[in-house]
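Please look over the sequence and the model shown below before reading on.

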Amino acid sequence: MDMVRRTHGSDIVPAGRVSPVSSYNEWDPLEEVIVGRLEAAVIPSDHPVVTCNIPGMAARAQSLLAGFRYPQIMIEPAQRELDGFVALLQSLDIVVRRPEAVDHRKRFSTPEWSSRGFCNSCPRDSMLVIGDEIIETPMVWPCRYFETHSYRPILKDYFRRGARWTAAPRPQLTDELFDSKFRVPRKGEPVSYILTEFEPVFDAADFFRCGRDLFVIRSNVTNASGIEWLGRHLGDGYHIHEIESRCPNPMHIDTTILPLGPGKILINPEYIDVDRLPAVLKKWDALVAPEPDPITEPMLRITSLCGKWLNMNVLMVDEKRVIVDRHHTRTIRAFEGWGFEPIPCDFLHYAAFGGAFHCATLDVRRRGTLESYF
């Protein structure tokens with residue numbers, strides 16, 4: 001079969017065929033997206049790399065209930081919100097793909113350890129789209145080791161139609177990867193990480209894309225070796241910039257800093273020091289996220305895996321339209337003041353399963369081309 005072969009960062013597809021996967025940034029017009037599922041979700045395993053990222057009372061409850069299915073009292077309201085979100089995307093003429101529903105209570109093992117699963121609510125974590133390529137990431141939570149298997153029918157379909165499909169080296173996740181003396185830093189102490197550099201690991205959600213430039217935070221699921229692996233894989237056509245986060249238990253970039261369009265970046269005032277941003281980002285307008293609206297429902301406050309700043313976890317439909325949680329009225333007003341068109345949608349109960357709109361989606365195709373913005 002004749003092939004068109006180009007440098008990394010451009011398409012490598014069968015001659016005359018256009019890849020169904022094409023996404024270079026976070027804001028070009030969204031055409032196709034993968035959205036997660038909640039069926040048969042299981043409370044994640046009681047492992048230090050899991051509990052170090054779960055705040056307060058939720059961590060204690062998680063340790064006691066690890067491996068059990070989430071109760072219906074949590075799944076049902078989140079499922080209603082998820083159904084409404086999918087319907088909203090479809091009403092905007094966006095193609096929505098969904099993973100298979102699987103039983104996450106099934107136990108699996110490697111020669112070194114065994115675990116039950118978690119859920120497939122957040123495709124943003126396990127797969128990274130760079131142009132026409134989908135990269136399966138080497139995630140560090142043992143309960144997520146085989147999570148991308150539920151997406152395999154979609155990935156195989158994209159591959160047959162011309163997309164590139166890559167998997168980073170699958171990690172061993174042995175004790176050598178984790179600092180046995182780690183504790184979450186107290187306020188005022190330097191940020192530290194539970195991960196060593198034993199092997200490359202990273203979650204895709206610790207990166208965001210601005211054309212030829214990618215930005216990343218180190219975290220309790222992404223180490224320097226993982227960042228180095230991705231940089232070598234992408235080659236000289238891309239540049240990766242590390243952003244310093246002041247979050248005491250960092251995990252995923254999209255409640256810390258997120259681009260909204262060329263020249264505009266949303267920042268968390270608790271976690272980001274604007275003066276310490278990479279030089280290229282200092283040229284952009286830093287839009288400071290407002291304080292989240294208070295959440296008073298006790299169950300929501302206890303069960304969120306993601307802390308309080310999920311009002312930042314938005315999904316850009318294009319450079320103007322942005323999907324925002326209806327509860328966060330301050331954030332909606334801020335977007336309006338910045339010249340955006342917010343689209344309100346209920347999604348608070350989804351936080352118990354790992355995030356909000358940005359986490360729950362993987363933008364597979366956006367109408368745009370590879371550009372340099374810096």
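This is a predicted model: local features need pLDDT of at least 70, side-chain atom pairs count only at pLDDT 80 or more; totals for chains, interfaces and linings use all residues.

**Helices, a histidine and a cavity**

Q: How many Å apart are the end C-alpha atoms of helix H3?
A: H3 has 20 residues, and at 1.5 Å a residue these should span 28 Å. The distance in the model agrees with that expectation, the end C-alpha atoms being apart by 28 Å.

Q: Within what arc do the buried residues of H5 fall, seen down the axis of the helix?
A: In helix H5, which runs over residues 152-160, the buried residues are Ile154, Leu155 and Tyr158. Seen down the axis, these buried residues line one face of H5, because they fall within an arc of 95°.

Q: Which strands do the buried residues of H5 pack against?
A: An α-helix has 3.6 residues a turn, so residues three or four places apart point the same way. In H5, Ile154, Leu155 and Tyr158 are buried. The strands that the buried residues of H5 pack against are S3, S4, S7, S8, S9 and S19.

Q: With which side chain does the side chain of His358 make a polar contact?
A: His358 is found in the loop between strand S18 and S19, and it counts as buried because its relative accessibility is 4%. Leaving aside neighbours within four places in sequence, His358 is in contact with residues including Arg124, Asp254, Leu258, Asn313 and Val314. The polar contact, at 3.1 Å, joins the side chain of His358 to the side chain of Glu26.

Q: What is the volume of the largest cavity?
A: The structure holds one cavity of 30 Å³ or more. Among the residues that line the largest cavity are Glu26, Arg124 and His358. The volume of the largest cavity is about 80 Å³.

Q: Which strands each supply at least two residues of the lining of the largest cavity?
A: The lining of the largest cavity includes Met127, Leu128 and Val129, as well as Phe207, Phe208 and Arg209, and also Leu362 and Asp363. Strand S7 spans 127-130, strand S10 spans 207-210, and strand S19 spans 361-366. The strands that each supply at least two lining residues are S7, S10 and S19.

Definitions and conventions:
Residues are numbered from 1 along each chain as its sequence is written. Side-chain values use heavy atoms; hydrogens and water are left out. Buried means under 20% relative accessible area, exposed over 50%, partly exposed in between (1.4 Å probe, protein chains only). Helices (H or I, at least four residues) and strands (E, at least two) are DSSP runs, numbered from the N terminus. The arc is that of the directions from the helix axis to the C-beta atoms. Contact means heavy atoms within 4.5 Å. The expected span of a helix is 1.5 Å times one less than its number of residues. A polar contact is a pair of N or O atoms within 3.5 Å; within protein, one must be able to donate a hydrogen and the other to accept it, and residues adjacent in sequence count only if both atoms are side-chain atoms. On a 1 Å grid over the protein atoms alone, a cavity is a set of points where a 1.4 Å probe fits but cannot get out, and a pocket is an open set with protein on both sides within 12 Å along at least five of seven lines; lining residues have an atom within 4 Å of a point. Grid points are joined across faces, edges and corners, and a volume is the space filled by probe spheres set on the points.
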